[in-house]
There are 4 protein chains.
Amino acid sequence: MNRKLRMGMIGGGRNAFIGAVHRVAANMDGLIEVVCGALSTDPENALHSGRSLFLPEERIYLTYEEMLRKERQLPADQRMDFVTIVTPNFAHFEPAMMALENGFHVVSEKPLTLTLEEALQLQRKIQKTGLRLMLTHTYSGYPMVKEARSMVRAGKLGEIRKVIVEYPQGWLSRLVYKGGNPQAAWRADPERSGKSGCMADIGTHAAHLAEYVTGLRITELCAQLSVMTTGNSLDDDGNVLLKFNNGATGVLLASQVATGEENALKIRVYGQKGGIEWFQQEPNSLLVKWADSFMQTVRAGTRYTGLLSEDALHNCRTPGGHPEGYLEAFANLYRNFAGMLSAEMDGRNPSDQMLDFPSISDGVRGMAFIECVLASNASDEKWTKFTC
Amino acid sequence: MNRKLRMGMIGGGRNAFIGAVHRVAANMDGLIEVVCGALSTDPENALHSGRSLFLPEERIYLTYEEMLRKERQLPADQRMDFVTIVTPNFAHFEPAMMALENGFHVVSEKPLTLTLEEALQLQRKIQKTGLRLMLTHTYSGYPMVKEARSMVRAGKLGEIRKVIVEYPQGWLSRLVYKGGNPQAAWRADPERSGKSGCMADIGTHAAHLAEYVTGLRITELCAQLSVMTTGNSLDDDGNVLLKFNNGATGVLLASQVATGEENALKIRVYGQKGGIEWFQQEPNSLLVKWADSFMQTVRAGTRYTGLLSEDALHNCRTPGGHPEGYLEAFANLYRNFAGMLSAEMDGRNPSDQMLDFPSISDGVRGMAFIECVLASNASDEKWTKFTC
Amino acid sequence: MNRKLRMGMIGGGRNAFIGAVHRVAANMDGLIEVVCGALSTDPENALHSGRSLFLPEERIYLTYEEMLRKERQLPADQRMDFVTIVTPNFAHFEPAMMALENGFHVVSEKPLTLTLEEALQLQRKIQKTGLRLMLTHTYSGYPMVKEARSMVRAGKLGEIRKVIVEYPQGWLSRLVYKGGNPQAAWRADPERSGKSGCMADIGTHAAHLAEYVTGLRITELCAQLSVMTTGNSLDDDGNVLLKFNNGATGVLLASQVATGEENALKIRVYGQKGGIEWFQQEPNSLLVKWADSFMQTVRAGTRYTGLLSEDALHNCRTPGGHPEGYLEAFANLYRNFAGMLSAEMDGRNPSDQMLDFPSISDGVRGMAFIECVLASNASDEKWTKFTC
Amino acid sequence: MNRKLRMGMIGGGRNAFIGAVHRVAANMDGLIEVVCGALSTDPENALHSGRSLFLPEERIYLTYEEMLRKERQLPADQRMDFVTIVTPNFAHFEPAMMALENGFHVVSEKPLTLTLEEALQLQRKIQKTGLRLMLTHTYSGYPMVKEARSMVRAGKLGEIRKVIVEYPQGWLSRLVYKGGNPQAAWRADPERSGKSGCMADIGTHAAHLAEYVTGLRITELCAQLSVMTTGNSLDDDGNVLLKFNNGATGVLLASQVATGEENALKIRVYGQKGGIEWFQQEPNSLLVKWADSFMQTVRAGTRYTGLLSEDALHNCRTPGGHPEGYLEAFANLYRNFAGMLSAEMDGRNPSDQMLDFPSISDGVRGMAFIECVLASNASDEKWTKFTC
């Protein structure tokens, strides 16, 4: 590949938090350039946002339909390679489907769709087209998450027995939807956000992380959802008991009313021989607790060859003590995705590390998780099977 | 009161962990002296242990029955004032009942008894005799736990919405009962330990702490218990969803197979305006997280007058930065209990701070909690009512 | 400015740590593009490195002289706007001077030059040309460092009395210069590195940070340098007592033989009313310690309007709890520098925030610091004046 | 020994912070009883304080001279065994000397005396009488400090190169001497406190800890003392460069104007192979940083046999995760001292662990340290020899 990959954006106009994050992540490693966008449904915002990204006027589109159609007609050496969808939840499915139909690979924010059924439709389309979809479960991009997964895989912790994954945030502990917070506004509206609030927004991250790190699958769960802040229309808090396919048990907590918490995703996994603990707000440390010796603090860093797994090393940029963070974890998804696309476009086989990004199957499983949690919450029976 | 209070001990011979802890706690503040003991059912151990405590030979008893009988016959100015019971769980009820029948106040290790019914019998006896019983829920003795409770009471956190209390330990992640660990041996045996393992041993501490700090009561729960280590005969791990009487929800985790964890009791309480976090292994800090400003680290210390509540200050001995720990928390229970007994023996009214120790009602509630958790675990229904 | 700024690189070929960091930092915010480079003195490496950056073949230069000459001849709408110099220390001065002579702004790694005299020559050239130079004292780019500076400026800490700045690293605790570590090789060689090792490499960062945060100036110092690892040819450890222009005192520690430390830069500043502590390895927290109330943990985050200073907010990209790190701090330097250049090229006045990057005067002062420390180390007198 | 040791107290009446600490430390392990006291020079306070300790009226003395004389005349089976001196600094020497002259062992607060000469007089008296003196350098009583010392001794860190010991407190950052703080009042007065403030009060602890942990001796130093708070009459802040007898260098910081700090004693020691870090406010963890692998967190706890040194294990009371603190560290001094006295009174040889308490030689060296620091501070030469 002797050029940067070309990316188009749907959504992500000014003041959109996650769109800016995607651009930083895509820019960071110099492998991708943003070439076009349908950045807002508001024409003025779309235009203004496109110019601030230095897009050529003719590639600042006013609708995603226009963008997908026109980009398709461009010559191959100009046309975008993939599209990134960063619109509110309700506007993920249709652009994704249309992109696939027009031959573009897709990067999508999560949750993938509003319903499991939509997710399955996308999966079928992908199977048919052979195109690629990446779902931005950012937290799996951190090097110390990779290291935890490698340790579990290598059997260093022994048989896994218990998983505790928690995701407390506090930003909805007061009613913010009525105010000017644009991230809150659409999340409050079931039509635009889907049937679940907190559990879809961050519970799915937690569930993905638990399965990603352990390599296990949740088989049954028992959920209790709440609306704690008066005026919130969807669940803003939930607690879930978990059973895994190897007999391990677990707990998943997610809350947006944990007052004063920022983005406190944490996972702990305990096996027969050892346990790990990873906290997203101090992401460069992985605590490893042993049955027979004292705790070690495993650290991210490019120079820890021989100490870290290949998977972790591949996802580091700096030596130990030069902290990488959320944007680098995000960029790791893009870097792996770009490496995979470049390899496939060049006719090479992508490495395992390049194939390590959340894909359509994670998107489908996330939607199934949301539906299972909602079913369990509505049920008087203790356990609800999680099949997918 | 112009003398130290006189304490007798049942159990607590050499190599008994918790007996030594009780003695340090009772000694520390110079308010109590150990005057007699029935320290072991093994006569040689009893004798040896008594001598190592410098007890007079005639007050080194071989059985608790002998001790209670003979102490009763001593003149009032020699007789012990109260008895501390630190035997394995199955040997709490009978000595406690006999002590009450002979007019002695009681300090008992938890869980109070093997069954709720026994606990209720003790409660009735106490109501009849007017004697006092203290149950050593140690963790409620920490000054920063008092501070957390004071903050909740004063409404500083607003209406409480969510409680997360967790108690991971790792010491049973390998089968230790067959080995020489004397603390493990009786805990493995349902006849001596009761119907629950982990949940009775440490889950009750967690439940007590949650109710103590919040002032709320658990009304329903959904429990899932496991035996993770092959060879363990009782639950060594459990997860419980909680509902509280004000509509708050919560999660209680307890585990003795969380490999590599020491004694990692932690509580988080979130209200509308703020949240608190307290971790037993760094007990002199209370993290306070606000909706509208940055987190504060409230610290224990005698000189923080004006910053800490009276309840917290009363339970500190040193200025900030001179860490107090587990033994001081334990000593706080004894100091308050001794203050209360001294006041009552002098005909004074004990202060609120002196009355702040876990009592018979906490013991009864703890036994009810165990029974409710076991019932829920055995049930297919999601929620089991917790009444008591 | 309706285009990205165009950057050329001198140095930074493959395996060069800091060159890659500069590119990530420059790329991240989509304001700068790398358009040309003289990436290595080894032609094959230069070519290969240029291609991996997707540079056009004709702008992959083999020497910096060639690059500066040829770029100057390009039309204004293609020519690079500024050059970034990431070569070893000895090769900073000449390219920088030649760039200025050819009308290019300069970004330079630190230390600026090998001698104070060279630094002063650059300063005079800059004064004459009106061009801009940025020195990458990265650590001043962190938002919580900006916040600390703002607090000091606003008088929140009261009169400053004591500064403790320390920079322990461990990577030279074993002799690595003889091995294959390319970062170590030139640092070992006084001809290429300069007269000081540790103190020039990281001590200057610490001194800059101390003056940047406090707004004070070091006026006298007392230094003791050591070569601890046999085979190291320059100082690998040093301790310095400091006096500041307001009467405050301080200590500066720098070490590359603090075995097991990564990049543990920390600063503490104590004033009459409060103190701050900031640690580079957990850079999103600023501990603020008050005389009259409990410690607060101030946190970086775009949404903390009203709680953080404008200077801190301007240098954040993500909401609290989405950690930013070293690369973002580095990118803040570039973003401010780019904002300043764009404004000036558009004829606008740059904002205070855009002008907030380390400049030629910081570079001169850094060289003076190195010379003063070396003089003090060689002296038997306690205090050496620091004038510049 | 079939009885508790008998202790008398000089000083330590009500409101005396350190006297109460000594009593808790002496009481804790049930090996010592307080039998008499000259608790205050104010007769009413003395009487009241004695009664609150339940002392018999006839052993509540009004002066230390009376106490020493009368106790000496008591029969051997009643007479106190040793005296603890907890008066302000100026009142250490005379009671200690008189106690020794009357055949009593001594426990003394630090600094031992007002001058080095007095300390040497005590040393000569002790050599002549064969009596024992313990100086309460509390911080050397912590188990993790013992562990650090054991690691250095066993060569696990390799040759020691650098020592950083710091002791920041903030309580004098405002003038408190004029107010009601009784701990501050006498410390402000050179007649009662000695020629140094901060450096004598806490700098000596830091110096002792550095030498205790490393087994090295300071041979030269370069000191800079300040009076930062207007109205303080003695140094309230100081920075000292250190040279050790093996070529290691170091820095010692002590401050009582580090606003917002509690009692933040920390030591870091770096050797060729590894480094350790210990922080008094979280005393149950010892961070061990390795050249070749990730950091370990060594933890205090009775059950860590095989993992901890004998010296550390001997000074623990509880299993890991049941935090011990300042009072237990203090009690370790008393427990070792009591074990040593009991052994010697029984004609047994005390174990190495029992002999591990700060003694007269530490007291002499502490006084020499103070005098050396004052001499260096007054000198324009960089280095002052530390001989003693």
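Okay, let's begin in chain B, where five strands make an open sheet in the order β2-β1-β3-β4-β5, with parallel pairing. At the edges sit β2 (32-38) and β5 (133-135) of chain B, each of which pairs on one side only. From one strand to the next, the twist averages 25°.

Some housekeeping before I go on. This is a predicted model, where local features need pLDDT of at least 70 and side-chain atom pairs count only at pLDDT 80 or more, while totals for chains, interfaces and linings use all residues. Residues are numbered from 1 along each chain as its sequence is written, and chains are lettered from A and ligands numbered from 1 in the order in which they are written.

And a few words on terms. Helices (H or I, at least four residues) and strands (E, at least two) are DSSP runs, numbered from the N terminus. Two strands pair if DSSP finds at least two bridges between them.

Look at β3 (residues 82-85) and β4 (residues 105-108) of chain B: they pair in the parallel sense over four bridges.

The peptide bond from K110(B) to P111(B) is cis, with omega near -5°. Where is P111(B)? You'll find P111(B) in the loop between β4 and α5 (116-129) of chain B. Chain D has a cis peptide bond from K110(D) to P111(D), with omega near -5°, and P111(D) lies in the loop between β4 (105-108) and α5 (116-129) of chain D.

One more backbone detail in chain B: phi of F54(B) is near 60°, a positive value in a residue other than glycine. F54(B) is in the loop between α2 (43-52) and α3 (64-73) of chain B.

Now over to chain A and its domains. Domain 1 covers 5-131 and domain 2 covers 142-319 + 366-378; these bounds come from an automatic or database domain assignment. Their C-alpha centres lie 27 Å apart. The contact between them takes 13 residues from domain 1 and 14 residues from domain 2 of chain A, where contact is called if the C-beta atoms of two residues, placed from the backbone, lie within 7 Å. On the domain 1 side, that's eight nonpolar, four polar and one charged. For the record, Ala, Val, Leu, Ile, Met, Phe, Trp, Tyr, Cys and Pro count as nonpolar, Asp, Glu, Lys and Arg as charged, and the others, Gly among them, as polar.

UniProt, in an unreviewed entry, places the feature "domain: Gfo/Idh/MocA-like oxidoreductase N-terminal" at residues 5-137 of chain A. Over residues 5-137 the chain is 41% helix and 18% strand, with the end C-alpha atoms 21 Å apart.

On to how the chains go together. Chain A can be laid on chain B with an RMSD of 0.0 Å by a turn of 180° and a shift of 0.0 Å along the axis; copies are superposed by least squares on the C-alpha atoms of residues with pLDDT of at least 70 in both. In chain A, K382(A) comes closest to that rotation axis, at 2.0 Å (C-alpha).

How many residues does the contact between A and B take? It takes 35 residues from chain A and 35 residues from chain B. β9(A) gives the most to chain A's side, with four residues. That side divides into twelve nonpolar, 13 polar and ten charged.

Last one, chains A and D. Chain A goes onto chain D with an RMSD of 0.0 Å, by a turn of 180° and a shift of 0.0 Å along the axis. That is the relation of a two-fold axis. Here Q296(A) is the residue of chain A closest to the rotation axis, at 2.2 Å (C-alpha).

This contact takes eight residues from chain A and eight residues from chain D. Chain A's side has four nonpolar, three polar and one charged. Three bridges join β13 (residues 295-299) of chain A to β13 (residues 295-299) of chain D, and the two run antiparallel. To finish, have a look at T297(A), which stands opposite M295(D) in β13(D).

How values were computed: Axes are lines fitted to C-alpha atoms, for helices over the stretch in contact, and angles run from 0 to 180 degrees between N-to-C directions. UniProt positions are given in the numbering used here, feature names are shortened, and annotations may be inferred rather than shown by experiment.
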